[in-house]
Amino acid sequence: LRRPALTGCLALLGALAAACSSDPEPAPRPNVVLIVVDTLRADHVGAFGSDMGLTPNLDALASDALVFRNTVATSSWTRPSVASMFTGQYPTSLDVLTKQDMLSPDVETLAERLAAAGLRCLAVSTNGNAGRSFGFDQGFEQFISRLPKVGYPDDFPVVQADQVTGKALELVDGLSPDEPFFLFLHYIDPHDPYLEHPGLLDTPEPPGRYDGSRRDLDELDHLPLAERTDADIARVRWLYQGEVRYCDVWLGKLFDGLREAGVLDETIVVITADHGEEFREHGDFEHDQLYTEHLHVPLVQ
């Protein structure tokens, strides 16, 4: 069954919220952690058939969870895709399609629904396209987006996964044990620019001419076809794989932290991606087309 990314899970969580708010003697409410790993291709996740060994922590979670193998994102870029996750509606219904569009305050979000049901709603966001400026903080008690960034010199800086996991566990630690919570975490590591993570991958570093900075990636993308080499493309793929592996390491630390805090067993964990990425499969880099590598995303619940 092909469906917008996370729409089925939103229906489940919406039913949970309705039950919590209408039952005069509701059962204990579980926590909900929704994790978006930006730009994560499904075919790079072990639970979805990858043999690259990049996601052992995500795979371990998936081994005891529902794995939706044919989830299709509603868009190939972040804002409309996350808008669908937060509302269960298509981007065309939300009018969230272009760089100028915002999530309307008139639309009920998942956070608003769960907040009304009594959950503390918290978020750590690393992608401004789904940030406060575009209305994605609706319903959240705390929406944290200012964290330390790193990057190549004179290039686009990013918040790495260690910062997201650390802040997430800090937020959970600040809650009372009897307070159910909804925690939204947006990890951006697999999105360019690609930072190097020495020692994380078993495969040797390819000898391509370019690093993972947006400056170098843009130069590579604009090279004439005759001047691009297989080694250049292999190196970019290798850098992306390192980012996927690095993010998975910190997902593992997140799960360990939630377990140590005694809340993991009472928590619904949902992991997905907003879109994928292309590495010249259809003649391009990045994610501005609508092929499988752009739209097939993992979904684990």
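Predicted model: local features only at pLDDT ≥ 70, side-chain atom pairs only at ≥ 80, totals over all residues.

**The sheet and its surroundings**

Residues are numbered from 1 along each chain as its sequence is written, and side-chain values use heavy atoms, with hydrogens and water left out.

Strand S5, residues 267-272, and S8 pair in the antiparallel sense over 2 bridges, where pairing requires that DSSP finds at least two bridges between two strands, and where strands (E, at least two residues) and helices (H or I, at least four) are DSSP runs numbered from the N terminus. These two strands belong to an open sheet of 6 strands, with mixed pairing and the order S3-S2-S4-S1-S5-S8. Its edge strands are S3 and S8 (299-300), each of which pairs on one side only.

Strand S1, residues 31-37, runs parallel to S4 and is joined to it over 6 bridges, with Val33 having Leu183 as its bridge partner in S4. S2 and S4 are also parallel, joined by 5 bridges, and here Cys121 has Phe182 of S4 as its partner.

How many residues of strand S4 are buried? The count is 7 of the 7 in residues 181-187, so S4 is largely enclosed by the rest of the structure; buried means under 20% relative accessible area, exposed means over 50%, and partly exposed lies in between, with a 1.4 Å probe and protein chains only. Phe181, Leu183, Leu185 and Tyr187 point one way from the strand, whereas Phe182, Phe184 and His186 point the other way.

Let me turn to Asn127, which lies in the loop between strand S2 (120-124) and strand S3 (142-144). Asn127 counts as buried because its relative accessibility is 7%. Leaving aside neighbours within four places in sequence, Asn127 is in contact (heavy atoms within 4.5 Å) with Asp38, Thr78, His186 and Ile188.

Finally, Asp162 sits in helix H6, residues 161-173, and at 24% relative accessibility Asp162 counts as partly exposed. With neighbours within four places in sequence again set aside, Asp162 is in contact with Tyr246 and Trp250. The C-alpha atoms of Asp162 and Val249 are separated by 8.9 Å, although these residues are 87 apart along the chain.
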